[in-house]
Amino acid sequence: MALDILAMAPLYQAPAINRIGPKTDPSNRPADPLKPLVPYRTKLTTIEAKRIMSILDEAIYKVELVTLLSYVASNREDVEGMLGEDIMRAVREHEDLCQVLLENVRCLKEKERQLQEQEEAEEEGWLRDRLLSIELQKSSLLPLTQQIKDSTKNVLRLLLSNPQAARILQMQMQSRSAEAQNFIDSLIELRGFLFEKLVTSPMEARDKAQFIQDINRQNSNNQQIIDTLENELAERMKNRNAEEELEDLEAVHREEKITLEELRRRHKVLVEEFVQIREEREINSKKRMEAEQEMVRMVRAATLIQAFWKGYLVRSLLRSKKKRGKGKAKGKEKGKQKGKEKGKGKK
């Protein structure tokens, strides 16, 4: 698909590569030891070089647009009013073709998997017919792939003819997949390599190669000198007098003794701080335990008081009920006695 995209005619104005100038004035730059590696020219001067860079820039621009079509397909309602009906219709047709291709590929893989599982158990004639069917289905994918290529070109044509819609789509670059962004970054890196190659003259290329050879040769000579000096140093270290060694050991011993005293002093301070911290923690822990115990006592006392008060209320209620019951009984007895007395009087 990338080749098909590159084959399309230029439909937009590519940036003027030959007008890209250096960031600073070369005359004000300090001397650079790696100057032979930097191209002298910073602009493209030949028509062929400009055309090459223009084609590559156009390809990168189209890839940036194509890799955002999946975002348009999955967010139709958000971008339909901004991109226009023609672009959205083309994107829908492109998505339908892609879905059909994916479904056919999935079915084809499923048939191949089933064929591998049944390859040993089935007859040779059946396997041959099944393989022929799979090959026919594979061949049917070629026209569908060509349709998707043509659909991609059609969507790109509509986007490139509508710069405003293309700019709106490019604003959604954060929705591009990581794989697509890596591909675009690789193309941009390729553009940098190609630009450096195009602005480098044949003479500069020879000078650069010669400079690299000289650097490698110089590094090799320096490494040989370093190896020789290291060997001499190793021999001298072996032949040192036993007394330069004793003095060195004594000096090391004095330094280690001073270090040991310093460590002891620090250890003593740390022990004192640790003891103080531990005592403070014990005091705080004791206070906390006392406070918890006091809280437990207060809770128990409150519970007892509440229980006593509830018992008192219950007993008081029972007493009042008993008094009311006795009063009613006495009233009834008095009423009965008065009735009996009235009955006797009538007789």
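From the N terminus on, the elements of the protein run α-α-α-α-α-α-α-α-α-α. The model is predicted: local features need pLDDT of at least 70, side-chain atom pairs count only at pLDDT 80 or more, and totals for chains, interfaces and linings use all residues. Residues are numbered from 1 along each chain as its sequence is written, and side-chain values use heavy atoms, with hydrogens and water left out.

## Exercise 1

Task: State how many helices and strands the protein has.

Solution. Helices (H or I, at least four residues) and strands (E, at least two) are taken as DSSP runs, numbered from the N terminus. On that basis the protein has 10 helices and 0 strands.

## Exercise 2

Task: Describe burial, surface and contacts for the whole protein.

Solution. Begin with burial: a residue is buried under 20% relative accessible area, exposed over 50%, and partly exposed in between (1.4 Å probe, protein chains only). Of the 347 residues in the protein, 19% are buried.

Next, take the accessible surface, computed by the Shrake-Rupley method with a 1.4 Å probe; for residues, only the protein chains shown count as cover. The total is about 27,400 Å², and carbon and sulfur atoms hold 56% of this surface.

Finally, count contacts (heavy atoms within 4.5 Å). Among contacts in the protein with a separation of 6 or more, 77% join residues 24 or more positions apart.

## Exercise 3

Task: Give the number of salt bridges, then describe the network that includes Glu85.

Solution. The criterion is a side-chain nitrogen of Lys or Arg within 4 Å of a carboxyl oxygen of Asp or Glu. By this rule there are 12 salt bridges.

One of them joins Glu85 to Arg92, with an N to O distance of 3.0 Å. Glu85 is partly exposed at 38% relative accessibility, and Arg92 is partly exposed at 22%. Salt bridges link Glu85, Asp86, Arg89 and Arg92 in a network.

## Exercise 4

Solution. Arg106 is partly exposed at 48%, and Glu103 is partly exposed at 37%.

Glu261 is partly exposed at 43%, whereas Arg264 is exposed at 51%.
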